[in-house]
Amino acid sequence: YEQLLADKDRKLREMESVGEEVKKQLTKTKEQVFHLQETLMNERNEKEKQMNVLKDKFSTDLSKALQKKDKQLEDAMMALKKEQKARFEELQDIQKRHLQEAEARDKHISMMMAEAMHRAQKETSEAYDAR
């Protein structure tokens, strides 16, 4: 009976020793899991920071590129407006010159007609006087 009791007592101590070892291993494993989780969280946070930096850089670069294109477009529009204004002024000058030339021709024609009428009246008057 005592031998059985001693065997049971020894087995109980072995089981307690194994239980303690299992507890130690479990605690060690929990610590390792916690450390891995912490490492993963840190890596994730670092990757997020890097992504945000890249997003900000991309956004800034895109904004600068768009501003540059807007400026180029604005400059092109201003150049086009200047060109249109120059062409319009050139057209106005041509129209003005044509109008002046037409007025000069009309004046010349009127003077020629007035001269011809004057001559015709003079000739008619001389013809009446000669009769």
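Start by selecting D9 and R13: both sit in helix α1 (residues 2–130), four residues apart, which is about one turn of the helix. Helices here are DSSP runs (H or I, at least four residues), strands are E runs of at least two, and the numbering goes from the N terminus.

Before you go on: this is a predicted model, where local features need pLDDT of at least 70 and side-chain atom pairs count only at pLDDT 80 or more, while totals for chains, interfaces and linings use all residues. Residues are numbered from 1 along each chain as its sequence is written, and side-chain values use heavy atoms, with hydrogens and water left out.

**Stop 1: zoom out**

The accessible surface of the chain comes to about 13000 Å², with 59% of it belonging to carbon and sulfur atoms. These areas come from the Shrake-Rupley method with a 1.4 Å probe, and for residues only the protein chains shown count as cover. What share of the 131 residues counts as buried? The value is 0%. Buried means under 20% relative accessible area, exposed means over 50%, and partly exposed is in between (1.4 Å probe, protein chains only).

**Stop 2: the salt bridges**

Side chains of opposite charge can pair when their charged atoms come close. A salt bridge here is a side-chain nitrogen of Lys or Arg within 4 Å of a carboxyl oxygen of Asp or Glu. By this rule the count is nine.

Go back to D9 and R13, and show their side chains: they form a salt bridge, with the closest N and O atoms 2.5 Å apart. D9 is partly exposed, at 36% relative accessibility.

Next, select D7, R10 and E14, which are linked in a network of salt bridges.

Move on to R44 and E48. Their closest N and O atoms are 3.7 Å apart, in another salt bridge. The two are four residues apart in helix α1, so about one helical turn separates them. R44 is partly exposed at 47%, and E48 is partly exposed at 41%.

Then pick K57 and D61, whose side chains meet in a salt bridge (2.9 Å, N to O). This pair also lies in helix α1, four residues apart, about one turn. K57 is partly exposed at 48%, as is D61 at 37%.

**Stop 3: a greasy spot**

Select F58, L62 and L66. They form a nonpolar patch on the surface, with about 320 Å² of accessible area together. Patches take residues with over 30% relative accessible area and no salt bridge, joining like charges within 9 Å and nonpolar side chains (Val, Leu, Ile, Met, Phe, Trp, Tyr) within 5 Å. You'll find L66 in helix α1.

**Stop 4**

Click A79, which is in helix α1 and partly exposed at 44%. Now draw a distance to E115, 36 residues away along the chain: the two C-alpha atoms are separated by 53 Å.
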